[in-house]
Amino acid sequence: MTPTKITPAALRAMKSRGEKIAALTAYDCPMARLLDEAGVPFILVGDSLSMVVLGFPDTTHVTMADMEHHTRAVARAKPQALVVADMPFRSYETVTSAVENAKRLVAAGAEAVKAEGGRAIIEQVRAIVAAGIPFCGHLGMLPQHVLEEGGYKVKGKIETEHQALLADADALVAAGAFAMVLELVTRPVAAEITKRIPIPTIGIGAGADCDGQILVTPDLLGMLPWFNLKHVKPKLNAAEQMRTVVREWMDEVKAARAR
Ligand code: KIV
């Protein structure tokens, strides 16, 4: 069967059919190709780029230029998957900058953009959607706010957070978002949002009831042993395997020189 290009509508249809959506991040062309060949329908050029590729302590350091550069690399893989690019910190503070920067990401090859927040950025979301750019929301723990929040905290435990999440989710749907990431949201609240809204919820540390799950690919592959994450059990110990293979190859190089 010829693989078909994944669109926002295709992801919404997956929710209607009860088909779970497995989403992963990519920051370069070969990784995007491998994920696409594995059949991943949703590839996020995440601003986690900041930490997992560029070596910064959090996502507030990544720039529009960084995101454009890595979005171009991912888009060169021409994946069947939908390519969604994160709008970096402070790139959507006003309606004008949000639309301008979303257009830049689309020019770099993104087929949709994602930004963090609900009602606080709703004018920006409406304007991005009105410009014809598919928009994916991101609620719960918002990594771009980690400095003001003082850490990565689970959201929805208290009633005010629960009600705020429902109102933000409703607002994003009304503004035309086609999907939303729920990050570190309590399982019951994530389940409630998932039932309540017509668009897919993609969870990360938000329990199994979301319409899909997203992970940072290097976390899934065990490439970053320095980060200790509760919500992901690596499926591979790539870091250890890489160290072993590199040491073996170095031994071969040294043995050849000694001969
Ligand atoms: O930047 C990222 O990788 C993300 C995912 C964790 C959802 O936003």
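Predicted model: local features only at pLDDT ≥ 70, side-chain atom pairs only at ≥ 80, totals over all residues.
Which residues does Lys15 touch, not counting residues up to four places away in sequence? Hold that thought while we get our bearings. Eight strands form a closed barrel, running S1-S2-S3-S4-S5-S6-S7-S8 with parallel pairing. Going from one strand to the next, the twist averages 25°.

Let's zoom in on one pair of neighbours. Strand S5 covers residues 135–140 and strand S6 covers residues 179–183, and five bridges join them in the parallel sense. Now look for helix H8, made of residues 159–175: it lies across both S5 and S6, and it runs at about 175° to S5.

Next, a pair of helices. We describe two packed helices by the angle between their axes and the distance between the axes. Helix H5 (residues 95–107) packs against helix H6 (residues 122–130) at about 40°, and their axes are 9 Å apart. That angle makes H5 oblique to H6, and the crossing is right-handed. Where they meet, H5 brings Val95, Ala98, Val99 and Ala102, while H6 brings Glu123, Gln124, Ala127 and Ile128.

Back to Lys15, then. You'll find it in helix H1, residues 8–17. Lys15 counts as buried because its relative accessible area is 15%, under the 20% cut-off. The residues it touches are Thr194, Ile197, Pro198, Ile199, Pro200 and Asp211. With Ile199 there's a polar detail to spot: a polar atom of the Lys15 side chain lies 3.1 Å from the backbone oxygen of Ile199.

Definitions and conventions. Residues numbered from 1 in each chain as written. Heavy atoms only, no water. Pairing = 2+ DSSP bridges. Helix = DSSP H or I, 4+ residues; strand = E, 2+ residues; numbered from the N terminus. Axes fitted to C-alpha atoms, helices over the stretch in contact; angles between N-to-C directions. Contact = heavy atoms within 4.5 Å. Buried < 20%, exposed > 50% of the residue type's maximum accessible area, 1.4 Å probe, protein only. Polar contact = N/O pair within 3.5 Å; in protein donor to acceptor, adjacent residues only side chain to side chain. Parallel < 35°, antiparallel > 145°, perpendicular 65-115°, else oblique. Left-handed = near helix turned anticlockwise from the far one by under 90°.
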